[in-house]
Amino acid sequence: MAGLYLHIPFCVQKCAYCDFVSFADPEPLQAYLSALIKEIGLTARRFPAVAYDTVFIGGGTPSIVSAQDMAGLLAALRSAFAIAPGAECTIECNPGTVDAQKLQAYLKGGVNRLSLGLQSAEDGLLRAIGRIHDFAQFEESYRLAREAGLQNINVDLMYGLPGQSLGQYLSTIRTVAALGPEHISAYSLILEEGTPLYMRVKAGETTLPDEDEVCDMQDAGRALLAELGYERYEISNYAKPGFACRHNINYWQNGPYLGLGLAAHSAKEIDGWRRWSNHAEMSAYLAALERDELPICEQRRIPHTEEMFECVMLGLRMLKGVERSAFSARFGLDVCTAYPEAVEALFALGWAEATPDALRLTEAGLDMENSALLYFLKD
Ligand code: SF4
């Protein structure tokens, strides 16, 4: 499997918790889209003859781009790269920035999956974290997407928000599930240093739920999602049968992908496993493409042991774990043989289990994922 990622680093405004590479100033948008189209052409010429099974247009807020510009971007992508028949093609949207015309442009351009950032169904909580929309706008975007014919929709939720109660989180899950999205992502809020929310919490102006309350939300949310028919397939991701996100599964299987756009990352087998990343500074990104050069600022060949650890670290995020046959085919030895002491220690703790097909974390192990991974680093 191979994936393509396109980054659109513009938002209507910055959310209070966000430290992603995205800007509220749309001034360079047109220059950026032209540069991105040039990068698409240059990259396709560098890596011809690869068919891509997934495409993900993320951000930022890709739905900030006009219908006409997004149609142009999708057309450029399809004429430059071979996209496999039946490929999953996702675009991230924020409520309040989607309309029927944009949705038609997505569908015509081959988009077949929408990811809507909601975070909470409580308007007060949305205001507290600086989101641009309220719940009614989300419902409207969702309705428009269904009317347009999109049959695969993800909704992003967050827990551990300022002042959020367990009841509010569970009520959001019930409200969203009643609409019937095929996929729900549920992430805990991470307080990133330097963000406005971080400053407010440090200044004592805002309080976040404590660790126990966050754990309760995670556990109760997970149980409720299961009850409502959403199968957990990764630490924070839930789907109805057949709707797990293939693009993200490729990341967790440590598969190859190309990332295009500002600060985008790529990984690929080129005389060994390599990772590289694009400039994160807009002026440097635009200047490189102005010179007809790829905007790569850093690349590294990943040593074999590090590549093995990456496969374990990423694969254990999924409930099905690390596939033993895929690991053996890639590294020439079984994953349990590669890390005998880590595996033995995790079995003893009840944090991992091995089947003939996979090495995977148990539910207790998934809760302690970071600690579990430390055993593989020591082995
Ligand atoms: S919409 Fe997403 S990328 Fe944009 S500021 Fe909010 S969290 Fe960050």
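This is a predicted model: local features need pLDDT of at least 70, side-chain atom pairs count only at pLDDT 80 or more; totals for chains, interfaces and linings use all residues.
Helices (H or I, at least four residues) and strands (E, at least two) are DSSP runs, numbered from the N terminus. Keep that in mind for E341, which sits in helix α14. Residues are numbered from 1 along each chain as its sequence is written.

Let's stay with helix α14, which covers residues 340–349. Is E341 buried or exposed? Here a residue is called buried if 20 or more other C-beta atoms lie within 10 Å of its own, exposed if 12 or fewer, and partly exposed in between, with C-beta atoms placed from the backbone. E341 has 11 C-beta neighbours inside 10 Å, so it counts as exposed. A342 is in helix α14 too, but A342 counts as buried because it has 22 C-beta neighbours inside 10 Å. Leaving aside neighbours within four places in sequence, A342 is in contact (C-beta atoms, placed from the backbone, within 7 Å) with Y375, F376 and D379. For E341 and A220, 121 residues apart along the chain, the C-alpha separation is 33 Å.

Now zoom out. The chain splits into domain 1 (3–250) and domain 2 (324–378), with bounds that come from an automatic or database domain assignment. Their C-alpha centres lie 31 Å apart.

Next, look at how some helices pack. Helix α1 (residues 29–46) meets helix α2 (residues 67–80) at an angle of about 10°, and their axes are 9 Å apart. Axes are lines fitted to C-alpha atoms, for helices over the stretch in contact, and angles run from 0 to 180 degrees between N-to-C directions. So α1 is roughly parallel to α2; angles under 35 degrees count as roughly parallel, over 145 as roughly antiparallel, 65 to 115 as roughly perpendicular and the rest as oblique. On the α1 side the contact includes L33, L36 and I37, and on the α2 side it includes D69, L73 and A76. Sorted by class, the residues of this contact are 9 nonpolar, 1 polar and 1 charged. For these classes, Ala, Val, Leu, Ile, Met, Phe, Trp, Tyr, Cys and Pro count as nonpolar, Asp, Glu, Lys and Arg as charged, and the others, Gly among them, as polar.

Helix α2 also packs with helix α3 (residues 100–108): the axes come within 9 Å and cross at roughly 10°. That makes α2 roughly parallel to α3. A67, M70 and A71 of α2 touch Q101, K102, A105, Y106 and K108 of α3.

What about the ligand? Residues around it include C11, C15, C18, G59 and G60, where being near means a C-beta atom, placed from the backbone, within 6 Å. The shell has 4 nonpolar, 6 polar and 1 charged residues. G59 and G60 are joined by a cis peptide bond, with omega about 20°, and G60 lies in the loop between β2 (51–59) and α2.

Finally, check the backbone of D271, which has a positive phi of about 55° although it is not a glycine. D271 is in the loop between β10 and β11 (273–278), and it is exposed, with 6 other C-beta atoms within 10 Å.

Notes:
Two residues are in contact if their C-beta atoms, placed from the backbone, lie within 7 Å.
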